[in-house]
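Hi everyone, thanks for coming.

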Amino acid sequence: MPVRVLENTAPSQVSGANSGRSSSQSCSLLGVGQAFSGTQNVSSVQKDEAWRVNVRIQGCDLEHGYLCGTMEALNVPMADTPVVTFWEGEIVDTKNYTFFTGKWEATPEDDIRHWSKFPSFSPLLGQVEADGGKSLDLSNYPYIFMRWKEQYFVNVGTDCGLTIAGFYYICFSCSDGSISGFYYDPNSSPYQKLELKSTNDGRSGFSFSSYELQ
């Protein structure tokens, strides 16, 4: 969602995560057409604030660790209309992408700090610190870790007073389809939390086709 311009040892065995190269992760709740709804906390030192958010998955290629979608912020104070962005995601499968971002101004230390905010990451920490988690097999892990990077505004111009310079660290629960995330942008308020629940009906939120793509 756009925002205002502003030592452990490796575990011997992690439940659901095994040593070796991973195969593609799969999850019935992470597919094209799936819709999610919730909030993003955009609080700053000056005020507490949360925006309502809808997300829809528009494309998913688990074999190549890729997915994409749209994100709609509904009650942005400075906007006359809901603000929609198109994002692309990287699935951390240790085959196509690891836990280390390597771009977008994120250092390995930034990565560890943000991933560590997810309790489900804790059993993986030691191995990630050792090699970025490359030796982990996450194919049966009950959570899917991702990065979402907004690429462009769909229905407003770049002069809207918002920025999409950062990206999200995402944790997706395969058991109930819930999503937790933290937005990272060195020039924005830190640790803005995204919390989404699956709507499970494939219809909630907005339709990507209803907006003219740029």
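Let me start with a question: does Phe118 count as buried or exposed, and at what relative accessibility? Phe118 has 3% relative accessibility, so it counts as buried; buried means under 20% relative accessible area and exposed over 50%, with partly exposed in between, using a 1.4 Å probe and protein chains only.

A word on the source before I go on. This is a predicted model, where local features need pLDDT of at least 70 and side-chain atom pairs count only at pLDDT 80 or more, while totals for chains, interfaces and linings use all residues. Residues are numbered from 1 along each chain as its sequence is written, and side-chain values use heavy atoms, with hydrogens and water left out.

Back to Phe118, then. Its ring is in a tilted pair with Phe145, with 6.5 Å from centre to centre and 50° between the planes. Rings of Phe, Tyr and Trp (its six-membered ring) pair if their centres lie within 6.5 Å; planes under 30 degrees apart are stacked, over 60 edge-to-face, and the rest tilted. This pair links distant parts of the chain: Phe118 belongs to the loop between helix 1 (108–115) and helix 2 (125–131), and Phe145, 27 residues apart from it, to strand 8 (residues 143–153). Helices (H or I, at least four residues) and strands (E, at least two) are DSSP runs, numbered from the N terminus. Phe145 is at 1% relative accessibility, so it is buried too.

How many aromatic pairs does the structure hold? There are 20 of them. In one, the ring centres of Trp115 and Phe118 are 6.2 Å apart and the planes are at 45°, so this pair is tilted. Trp115 has 0% relative accessibility and therefore counts as buried. Ring pairs join these residues into a cluster whose members include Trp115, Phe118, Tyr141, Phe145, Phe182 and Tyr184.

Finally, the overall layout. The protein has 2 helices and 12 strands, running β-β-β-β-β-β-α-α-β-β-β-β-β-β from the N terminus. Of its 214 residues, 50% are buried.
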